[in-house]
Amino acid sequence: MKLDWSILWGDAGLLILQGLLVTLQLSAWVLALAFVLGLAFGTLRWIGLSVAEPVCWFYVEFARNTPPVVQILFWYFSASYLLPGWLFLQLRDFGYEFGAAVAALAIYHGAFIAEVVRAGLNSVPKGQFDGARALGLGFGQSLRRIIMPQALRITIPPLVNESVAIIKNTSLAMAIGVTELTYQYKHIDIFDFRGVEALAAVTVIYMMLCTLAAGLGHLLSLRLSRHMTARRGLRPMLTSE
Amino acid sequence: MQFERVWTAANWERLLVGDLFNKGVMGGLLLTLVLGLASIVAATLLGAGIGVMRSSPRRALSLPSAVYVQAFRSVPLLILIFWAYFFPPALGLQVSKFTSVLIALTLFTAAYIGEIVHGGIRSVASGHIEAARALGMDPLETQLRIVLPQAFFNMLPALTGRYVVSIKNTSLAFLIGLADLTEIGKQIGARLMTAPIEVYITLLMIYFIVNRGLSLLMRLLEDRRRFNRIFLRI
């Protein structure tokens with residue numbers, strides 16, 4: 001087998017860089033939306049409204065126990081039936097693969113983040129909340145200023161794992177034709193017959209991205225917990241990668 | 001909703017066993033389960049080895065396994081599947097789709113299980129190891145008879161999570177053309193054309209039932225007495 005690495009400095013390299021850009025955009029969107037979803041549902045479950053509980057349970061358990069790639073296919077192929085016609089036609093003009101992948105992955109990872117957030121909130125002693133309320137802080141205020149900052153510290157390590165998982169799971173978006181890194185590898189393999197070189201390049205890029213994300217997260221958790229004597233990590237029972 | 005179009009006897013047969021009875025090709029849920037369980041068993045064994053190495057005080061043992069864990073955890077599984085499927089032919093080797101997915105899934109999962117085992121071993125009090133050594137057990141016997149059984153019990157919740165992920169991850173097999181549950185579902189969806197919601201909800205439900213079932217089964221083991229009876233015969 002002869003390898004020709006010089007193709008990576010030509011058009012194939014440009015394709016891979018474009019793919020990297022899409023992967024980063026996808027990761028950023030998914031990360032942001034999954035955090036919003038996770039924060040909302042995690043807090044909702046922590047509050048423990050009996051009306052909302054079945055809905056939250058259904059969402060979290062269903063999203064966590066089904067494969068992300070099937071969820072991506074579901075949102076992609078059902079979009080034209082689920083969305084109102086005018087919205088779907090508008091989205092289709094941009095190519096709604098990207099949107100479907102973002103929605104599916106955000107919903108999938110949001111469920112895991114919800115469990116992390118709930119466990120984090122539960123780890124703060126109940127007395128903290130009662131104390132805040134007794135001192136005259138409102139419900140939202142005590143949650144935001146007393147409970148959340150304490151919960152945040154111990155949720156950082158699992159949230160970092162979740163972010164790395166999000167970067168890795170964006171590769172599944174190739175199943176519906178989002179032109180991210182893994183898709184570009186397939187493209188180069190099919191059109192230039194240079195699969196091994198492209199695959200090696202893509203692998204190295206993923207490794208660097210994940211190591212970078214994990215390293216940044218580690219620094220963040222060190223910074224946030226430097227005044228604590230013992231760090232308590234959380235280990236959610238189900239993992240997302 | 002037109003579930004009756006999806007839930008025909010022929011479709012159910014294909015979803016559950018693929019073309020096993022027509023063309024003798026295993027597929028559908030059966031393939032997903034075979035692939036999932038085979039990779040779970042293989043990855044647990046490999047992961048136990050990696051975890052034991054990782055917990056060794058010798059750097060020559062712990063460093064390679066740490067590198068392995070770090071490397072395999074920072075690459076998407078899909079990329080590993082592509083390596084396992086497209087790289088061997090470049091070297092002149094023939095590897096079937098099933099084998100390549102199995103290899104990729106096993107290597108990937110073993111990295112995570114290695115970390116779980118490492119954590120489990122650290123959770124065993126060092127007095128147990130010292131006592132075993134004092135009673136004349138050699139290091140291997142200490143690991144096999146004292147450390148690992150206790151570690152295994154502590155690892156159960158994390159392992160359950162990993163096993164569920166393995167079952168979910170078998171769904172990537174369809175991307176290299178293996179007729180697993182997802183691929184069969186996609187084919188049924190493509191044939192019916194106008195019922196994607198029903199088809200994919202059916203798929204999601206099957207995966208949900210399998211994974212919840214697996215979680216509940218594993219939870220049975222989290223009872224100490226039952227665990228001891230099954231694994232330690234006491």
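This is a predicted model: local features need pLDDT of at least 70, side-chain atom pairs count only at pLDDT 80 or more; totals for chains, interfaces and linings use all residues.
**Exercise 1.** Work out in which order the elements of chain B follow one another from the N terminus on.

*Solution.* Begin with the inventory, which for chain B comes to eleven helices and two strands.

**Exercise 2.** Determine which helices of chain B supply at least two residues each to the side that touches chain A, and which of them gives the largest share.

*Solution.* The contact as a whole takes 34 residues from chain B and 31 residues from chain A. On the side of chain B, helix 5 (77-90), helix 8 (139-169), helix 9 (181-192) and helix 10 (196-221) each supply at least two residues, and the largest share, nine residues, comes from helix 10 of chain B.

**Exercise 3.** Describe how helix 2 and helix 5 of chain A cross, and which residues make their contact.

*Solution.* First take the geometry: the axes of helix 2 (residues 53-64) and helix 5 (residues 97-123) of chain A come within 8 Å and cross at roughly 120°, and the crossing is left-handed. Next list the partners, which are Tyr59(A), Val60(A), Ala63(A) and Arg64(A) from helix 2 of chain A, together with Ile107(A), Tyr108(A), Ala111(A), Phe112(A), Ala114(A) and Glu115(A) from helix 5 of chain A. Finally, classify the residues of this contact, which gives eight nonpolar, no polar and two charged.

Terms used
Residues are numbered from 1 along each chain as its sequence is written. Chains are lettered from A and ligands numbered from 1 in the order in which they are written. Axes are lines fitted to C-alpha atoms, for helices over the stretch in contact, and angles run from 0 to 180 degrees between N-to-C directions. Helices (H or I, at least four residues) and strands (E, at least two) are DSSP runs, numbered from the N terminus. A crossing is left-handed if the near helix is turned anticlockwise from the far one by less than a right angle, and right-handed if clockwise. Two residues are in contact if their C-beta atoms, placed from the backbone, lie within 7 Å. Ala, Val, Leu, Ile, Met, Phe, Trp, Tyr, Cys and Pro count as nonpolar, Asp, Glu, Lys and Arg as charged, and the others, Gly among them, as polar.
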